[in-house]
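These are my notebook entries on one protein structure. I record here what I looked up and what I found.

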Amino acid sequence: YIICAHYDGVPLHAADDNASGTAAVIEAARILSKMNFTSTIYYALWDEEELGCDGSHIFVHYAKYDSLNIKGVINLDMIGYDSDNDMSMDIRTQMLSNSKSISDTAKLINDEYQLGLLINENSAGQSDHASFWEWGYGAVCLIENMAEDYNPYYHTDNDRIEHFSLPYFYAISQMGLGAIATLAGNP
């Protein structure tokens, strides 16, 4: 299993896009690397997402070539902005491979741990999870609700942490961490 984010940003500031996802992956690695799982977890940070998902495309190409058994991917991208504090977020998923099952696991974690997230599912690409879809791997993207609560600081010099909703950021991070741990089989 892979939990990932992109660490590149535009040449301005990039707190939400995507230091938020990067921080969540690093924290997942800090916590989960001390535990044993029945499946391996890769903690990945991609470069050049802003240029067309180049880093994840290259990884997936070689993973397919090397027959790497990727059981599923959770991509974290822009998980800190919630101006109206409604806790609404998106899970980008498709009826491809086990993508829907990964999404269902994330929703189960939200419910089981009472994280309070209001989850919308859609099939949008536009991030590194789409690289995995192109090669037939199951993947989802956890991301803020872009349709109803668009971050006005996106790709500007005001994309800074002071615009975060920290409870929202923590809840999505916890959902991603809990989902990857569950999928990887924490005995």
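Predicted model: local features only at pLDDT ≥ 70, side-chain atom pairs only at ≥ 80, totals over all residues.

Entry 1. I then looked up M87, which is found in the loop between β3 (73-76) and β4 (88-92). M87 has a relative accessible area of 16%, so it is buried. Its phi is near 65 degrees, a positive value in a residue other than glycine.

I next turned to Q114, in the loop between α3 (99-112) and β5 (118-122). Is Q114 buried or exposed? Its relative accessibility is 70%, and therefore Q114 counts as exposed. The phi of Q114 is positive too, near 45 degrees, and Q114 is not a glycine.

**Entry 2. Helix α1.** I looked up how far α1 (15-32) reaches. This helix has 18 residues, and its first and last C-alpha atoms are 24 Å apart, close to the 26 Å expected at 1.5 Å a residue. I found a cis peptide bond between D17 and N18, with omega about 10 degrees. N18 lies in α1.

Which residues of α1 are buried? I listed A15, D16, D17, N18, S20, G21, T22, A24, V25, A28, A29 and L32. I recalled that an α-helix has 3.6 residues a turn, so residues three or four places apart point the same way. The buried residues of α1 pack against the strands β1 (2-6), β2 (42-46), β3 and β6, and against helix α5.

**Entry 3. Helix α5.** I checked the span of α5 (residues 166-184) in the same manner. Its 19 residues should span 27 Å at 1.5 Å a residue, and its end C-alpha atoms are 27 Å apart, so the two values agree. After α5 comes G185, whose phi is positive, near 80 degrees.

**Entry 4. The largest pocket.** I looked up the largest pocket and noted a volume of about 170 Å³. Which elements give two or more residues to its lining? They are α1 and α5. The lining consists of A23, A24, E27, A28, I31, F169, Y170, S173, Q174 and L177. By class, seven of these residues are nonpolar, two are polar and one is charged. I noted that A24 and A28 line the pocket and that A24 and A28 are also listed among the buried residues of α1.

**Entry 5. Cysteines.** How many disulfides does the structure hold? I found zero. C4 is in no disulfide, and the nearest cysteine sulfur, in C141, is 8.3 Å away. A disulfide needs two cysteine sulfur atoms within 2.5 Å. The 8.3 Å between the sulfur of C141 and that of C4 is therefore too far for a bond. I also looked up the burial of each cysteine. C4 has 0% relative accessibility and so counts as buried. C141 likewise has a relative accessible area of 0%, so it is buried.

Entry 6. Leaving out residues up to four places away in sequence, T93 touches S99, K100, S103, E121, N122, S123, W133, A139 and V140. One of these, A139, is 46 residues from T93 in sequence, yet their C-alpha atoms are 6.9 Å apart.

I then looked up D84, in the loop between β3 and β4. Its relative accessible area is 41%, so D84 is partly exposed. D84 and Y65 are 19 residues apart in sequence, and their C-alpha atoms are 45 Å apart in space.

T156 counts as partly exposed because its relative accessibility is 23%. Apart from its neighbours within four places in sequence, T156 is in contact with L12 and H13. The C-alpha atoms of T156 and A44 are separated by 25 Å, and the two residues are 112 residues apart along the chain.

Note on methods:
Residues numbered from 1 in each chain as written. Heavy atoms only, no water. Helix = DSSP H or I, 4+ residues; strand = E, 2+ residues; numbered from the N terminus. Expected span 1.5 Å × (residues − 1). Buried < 20%, exposed > 50% of the residue type's maximum accessible area, 1.4 Å probe, protein only. 1 Å grid on protein atoms, 1.4 Å probe; cavity = no way out; pocket = protein on both sides within 12 Å on 5 of 7 lines; lining within 4 Å. Points joined across faces, edges and corners; volume = space filled by probe spheres on them. Nonpolar A, V, L, I, M, F, W, Y, C, P; charged D, E, K, R; others polar. Contact = heavy atoms within 4.5 Å.
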